[in-house]
Amino acid sequence: MSFNIYDWMNELILRLKEAFGARLVAVGLQGSFKRGEAHEQSDIDAVVVLDELTTADLTVYKSILAQMPPSSHPACGFISGKEDLKNWSRAELFQFAYDTETLFGSFGGILPPPTRQDALEAAQTGAGTLFHALCHTQVHGEVTPELLSQLYKGAFFVLQALHFARTGTYISNKQTLYKALSGHNKAVLSTLLEGKYPPASAELLFYWCRETLAYTAAELRVR
């Protein structure tokens, strides 16, 4: 029997409404299921926003997830209070806003309309994080295909932000984004899509991160 993400999410929403009532502000779906790219190992990236989040609420939510119908897809995702989310970094909210499909309530008034600056800062932060992880591991550990797989997954979100900063268009799907890219950006996404990470892919990622950091820093300086 095939797994239907929306049946599962609707059941989650019913249980959240029973537990939290009017305190439930919004529920959404993110990640590979939202993008239509889910596979057998994909997590369920559910987003839950309450009026105000307490530590007791976390315990209740954990219990709800534990009692959900069995699924081969582990529940993951995000839970927050309304004001906590409003106070979040706008650079991080760039991805959050575009990658969230609203299934209950509304994120209106919580998630600000993403701007070009938000996208540039998101790309800059993401590239910096990837660059540090790659360099640190190169010196203090071992750059394995498994590590590169995780870093290239992170590069996808940076590429989304970069494309938005350059064109004003957000593309959620990897294949569609690939067709719109060129140069090192396209080479990085091509590597992710192929899913093979020879040693040369570490060097590609290294120089792409540097290139991205230089571009975003220069663009942010002129604002």
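Modeller: What follows goes from the whole chain to the sheet, and then to a helix contact.

This is a predicted model, in which local features need pLDDT of at least 70 and side-chain atom pairs count only at pLDDT 80 or more, while totals for chains, interfaces and linings use all residues. Residues are numbered from 1 along each chain as its sequence is written, and side-chain values use heavy atoms, with hydrogens and water left out.

The chain has 10 helices and four strands; helices (H or I, at least four residues) and strands (E, at least two) are DSSP runs numbered from the N terminus. Along the sequence they follow the pattern α-β-α-β-α-β-α-α-β-α-α-α-α-α.

The four strands form an open sheet in the order β3-β2-β1-β4, with mixed pairing; two strands pair if DSSP finds at least two bridges between them. Strands β3 and β4 (101–105) are at the edges with a single partner strand each, so one side of each has no neighbour in the sheet. From one strand to the next the twist averages 20°; angles run from 0 to 180 degrees between N-to-C directions, and axes are lines fitted to C-alpha atoms, for helices over the stretch in contact.

Strands β2 (residues 44–50) and β3 (residues 75–81) pair in the parallel sense over seven bridges. Alanine 46 has glycine 77 of β3 as its bridge partner. Between β2 and β3 the chain passes through helix α3 (residues 55–66), in a β-α-β crossover that is right-handed, that is, clockwise from the first strand over the helix to the second when the strands point away from the viewer.

Helix α1 (residues 5–20) lies across β1 (24–30), β2, β3 and β4, and runs at about 160° to β1.

Elsewhere, helices α5 (residues 90–98) and α7 (residues 145–167) pack at about 95°, with their axes 11 Å apart. That angle makes α5 roughly perpendicular to α7, a label for 65 to 115 degrees. Phe94, Gln95 and Tyr98 of α5 meet Phe157, Gln160, Ala161 and Phe164 of α7, where contact means heavy atoms within 4.5 Å.

Definitions and conventions:
Parallel < 35°, antiparallel > 145°, perpendicular 65-115°, else oblique.
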